[in-house]
Amino acid sequence: MIEETPPLTRDAAVALLAWYREAGIDSLLLDQPRDRFAETATENARRKAKARPAAPAAAGGRTEVRPESGQRERSAPPSTNRQAFGEPSPATNGDSAFPSTRIAIPDDAALADARERAVSAASLAELRELLHGFEGCNLKITAKHTVFGDGPDKADLMLIGEAPGRDEDMAGVPFVGRSGQLLNRMLAAIGIERESVRVTNTVPWRPPGNRAPTPAETRICLPFVQRQIELVAPKVIVCLGSPSAKAILGSAEGILRIRGKWQSYSFDLEPGGAIPAIAMLHPAYLLRQPAQKKLAWQDLLALKAKMDQL
Ligand code: URA
């Protein structure tokens, strides 16, 4: 005899959703399955066709209209007017609950586009717009907001984390969740106000389910954070956690080995000066391992001493 499945009660549905969320599934995607292999093949064909040089216009044919020099063709991102920590509102990525059919392949073309956009930005506002219009990173599809950065345009101290979490994705501002609150307390303990510091991440979009960004995703996003460093021109950089130290400082060793040691960050996109940089334990790690706060305190004192020398 085949037993009928009982109808799902409201309580059971709520419990199921809570269980999904516990397991890290907290992004609503689509009801219908998608054939991403077919989409990738179509997208590759489209890119190849686009990369092919255009056939010369026939005599008497239409004249191609090109953007004026210095201008590039880009989609203008929508912007909202919310003010967060003195910055314009983060730009939303549209209806992220129902991603569009576009796909983003983190490939060489996307990397070249990221670098070209980043280098061409003359201000943070321009960089933010160019980042928001960038379609080369798949993380953008599921993220609610592009989490660009927080704090003043020019700051002596710049903190760089890994990637936005759920709270940051909702707010469009880096380090606003529990780890952000701990970070603010850590700064306050050495007499630094969060509002005086530039805060950003190596990756500006929340990876679905809080997974770690892949190396390809980090590489694609790197030009934007490198340009942000150049434009902010901090006197000191702090990399929060191992993924940030790896991406920004090229550190190959684990965070417990490299933390608290002064290094030097050299501009990658534009030749320029070197900036003293230090890696510290990520506040999220400290929330999980409170006994390690003693190490964080040593690093904070080293940071304070460096800032006092400036
Ligand atoms: N963790 C990060 O690395 N960055 C954030 O913005 C929040 C949590």
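A search of the whole structure found 0 disulfides, a disulfide being a pair of cysteine sulfur atoms within 2.5 Å. The structure is a predicted model, in which local features need pLDDT of at least 70 and side-chain atom pairs count only at pLDDT 80 or more, while totals for chains, interfaces and linings use all residues. Residues are numbered from 1 along each chain as its sequence is written, and side-chain values use heavy atoms, with hydrogens and water left out.

A disulfide is a covalent bond that joins the sulfur atoms of two cysteines. For Cys137, the closest cysteine sulfur belongs to Cys221 and lies 4.0 Å away, which is too far for a bond. In turn, the cysteine sulfur closest to that of Cys221 is the one in Cys137. Cys137 has a relative accessibility of 1% and counts as buried, where buried means under 20% relative accessible area, exposed means over 50%, and partly exposed lies in between (1.4 Å probe, protein chains only). Cys221 is also buried, at 1% relative accessibility.

Backbone angles were examined next. Asn210 is not a glycine, yet its phi is positive, at about 65°. This residue is found in the loop that runs between strand E2 (198–201) and helix H8 (215–232); helices (H or I, at least four residues) and strands (E, at least two) are DSSP runs, numbered from the N terminus. With 46% relative accessibility, Asn210 is partly exposed.

A positive phi, of about 50°, also occurs at Ala233, again not a glycine. Ala233 is located in the loop between H8 and strand E3 (236–240). Its relative accessible area is 41%, and Ala233 is therefore partly exposed.
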